[in-house]
Amino acid sequence: MDAVDCGPTLLNFNNPQNHAANTLQLIDPDFAATYNDYHLVKRLFESDLFDFNEVLFPVSLDDFLDRFFVMPPYLRAAACALAVSKLFVEFPELLLIRYFRQAKKFVEQHRSKPTLEMLQAIRIMGELAEGTGQIQYGQKLFEMEIHLYFRLRLNLDPDDPTTLYHRVPDQQKEWQRYVYHIAASYQKDLKLSGLLSPTMAKIHFDVSSVKLPKRLQNTGFLELSQGCDTLFRVKNHFTKPPANMMDLIVSPDLTILTQECMQFIAQVPEEHILVSTTDGYERFRLQLLKEPSWVHFYNMILLSMRCLTVLCMLHRPQVYLLAYLCRQSSVLSDSNILSQLLHALKQATEAAQCVANLTSFILQAMSDPTVIGGLDVFDAAIMLWFALCHVPRVWQDQISLNRVEASKGLYSILQFVHLVDSNMKAGNSTQDDSASPSVLSPIVLCINAFALEVSGISGPALGIHSLELAMTVMSMSDESDDLQPIAIGQEPMAYLGLLGVSVMGGVIWTSPTEPLWAIFWKNVQIIK
């Protein structure tokens, strides 16, 4: 995308009064800042519920409050909405809606005049949209944010003399670098989960053109970004079934993909990976105590998840092959192929068990376990369920699969995603939890079905003969105070889906490629 120099307004870190003349004329008199607004945000900053976030607040909190009455109205309204969302127990539900709508209105009114303050407001609103399950509006905000990076020329390092930023304070330079790298990473996450439009997915963030800020150095941030790239390559490789079944066992492309996956895992320092196939609570606790900050604490857990998920995704098609090929088939009579498929089963199930043990640790050790999210555990749940319910016992015994531990691991993952899902719903205080689906709801339903099948319950026994898991997209309209469904039957958020396999004899995943994989596995089953 071509950069456009539109003369952006700079964040004035030293003399905010100079900004007043420009910002006051933008304020709609109907929504001028009040002392109630000010004290609301001040109360948030003083609350134990507030964790300082440099992405949202590049200046000190005192500086932010000093500028409160002269800042652009969209930033002030966004900050108020954030305060109400964090302190929602103390305030009426409609107050969040009021501030959120104000921020939406002001952003729309002033989006033709891009400023760094608008970028800050959009980031705050994006967090609120994500927390309340407004996926579509959150995507729209991120698309606006991406355009702002290029219009404000933040895709160039602020030390670059061709930009307007080379003379700004170092604190602002570091913030610009920080938000740019965070946005580049977030774009990768959205592409991986399938939540980014094709147009936005094609936009290239050149991270080499902007220095890595000090706060992201030596924290595992770069490794996490590389892990996302690796997972995306695995996802693309297995989006559709191959023309030839043997391509799942050996092919030039598969060899290259496997090498890339192993190289990514090998480059992560061993001390930064939390891995244990048994209860690793004490081991993980001691390992994390050695790390210097909560940022690294979070990154270590997520990086461990990413490494293990790479193994689950990479080996899953071969595990399916082992389950669906007839034991007397000519393919499995080849000892080299059988050994390779058994190795895939062992690596994938052990990785999945490690993920399950990590979720158990997170549930016990973290005050807010939901910061990890639910997508990175879904592939592990698929692997444990499939190994227990579909892989013949003879192959389970060959790798010494511990069925009891695998079952316990699956239930730990189920407990984890239930908690993440309920907290996401609680983020929208205007909705009844039981009636409001979140983006994780299809995953929760699917893992519930896994657990039922592992316990020996079939779909028909519960009256379930056919059920297609899909995502409902919710959004808050200008007319309604509640989230309303604006699109149903959408492909759920996931890295790889079920690859054509049904759960409990009738529960399937919504995706254009799932039927193709289902036909592929039926053809595999008749191979002699």
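**Exercise 1. State whether Trp385 and Phe450 are buried or exposed, and work out how their rings are arranged.**

Step 1. In this predicted model, where local features need pLDDT of at least 70, side-chain atom pairs count only at pLDDT 80 or more, and totals for chains, interfaces and linings use all residues, both Trp385 and Phe450 are buried (buried means under 20% relative accessible area, exposed over 50%, and partly exposed in between, with a 1.4 Å probe and protein chains only). Residues are numbered from 1 along each chain as its sequence is written, and side-chain values use heavy atoms, with hydrogens and water left out.

Step 2. Rings of Phe, Tyr and Trp (its six-membered ring) pair if their centres lie within 6.5 Å, and planes under 30 degrees apart count as stacked, over 60 as edge-to-face and the rest as tilted. By this rule the count comes to 24 aromatic pairs. The ring centres of Trp385 and Phe450 are 4.5 Å apart and their planes stand at 10°, so this pair is stacked.

Step 3. Because Trp385 lies in helix α15 (residues 375-389) and Phe450 in helix α18 (residues 441-454), the pair ties together parts that are 65 residues apart in sequence (helices, H or I, of at least four residues, and strands, E, of at least two, are DSSP runs numbered from the N terminus).

**Exercise 2. Describe how α15 and α18 pack, giving the angle, the separation of the axes and the hand of the crossing.**

Step 1. The two helices pack at an angle of about 20°, with their axes 10 Å apart; axes are lines fitted to C-alpha atoms, for helices over the stretch in contact, and angles run from 0 to 180 degrees between N-to-C directions.

Step 2. That angle makes α15 roughly parallel to α18, given that angles under 35 degrees count as roughly parallel, over 145 as roughly antiparallel, 65 to 115 as roughly perpendicular and the rest as oblique.

Step 3. α15 passes α18 in a left-handed crossing, a term used if the near helix is turned anticlockwise from the far one by less than a right angle, with right-handed used if clockwise.

Step 4. For another arrangement, take helix α12 (residues 281-289) and helix α14 (residues 335-365), whose axes come within 10 Å and cross at roughly 70°. These two helices are therefore roughly perpendicular to each other, and α12 passes α14 in a right-handed crossing.

**Exercise 3. Identify which residues form one aromatic cluster with Trp385 and Phe450.**

Step 1. The cluster is formed by Tyr320, Tyr324, Phe378, Trp385, Phe386, Phe450, Trp509, Trp517, Phe520 and Trp521.

Step 2. Both Trp517 and Trp521 are buried, and the two lie in helix α19 (residues 514-525), four residues apart, about one turn of the helix.

**Exercise 4. Find which charged ends sit over the rings of Tyr99 and Phe232.**

Step 1. A charge sits over a ring if NZ of Lys or CZ of Arg is within 6 Å of the ring centre and within 35 degrees of the ring normal.

Step 2. Over the ring of Tyr99 sits the charged end of Arg98, 4.7 Å from the ring centre, while the charged end of Lys191 sits over the ring of Phe232, 5.0 Å from its centre.

**Exercise 5. Count the salt bridges, then examine Glu117 with Arg67 and Arg306 with Asp376.**

Step 1. A salt bridge is a side-chain nitrogen of Lys or Arg within 4 Å of a carboxyl oxygen of Asp or Glu, and a search of the whole structure finds 19 of them.

Step 2. Glu117 and Arg67 meet through their side chains in a salt bridge of 3.4 Å, N to O. This pair links distant parts of the chain, with Glu117 in helix α6 (residues 116-131) and Arg67 in the loop between α3 (61-66) and α4 (73-86), 50 residues apart. Glu117 is buried, and so is Arg67.

Step 3. The side chains of Arg306 and Asp376 also meet in a salt bridge, at 3.0 Å, N to O. Here too distant parts of the chain are linked, since Arg306 belongs to helix α13 (residues 294-324) and Asp376 to helix α15, 70 residues apart. Both Arg306 and Asp376 are buried.

Step 4. A network of salt bridges links Asp157, Asp159, Lys173, Glu174, Arg177 and Lys211.
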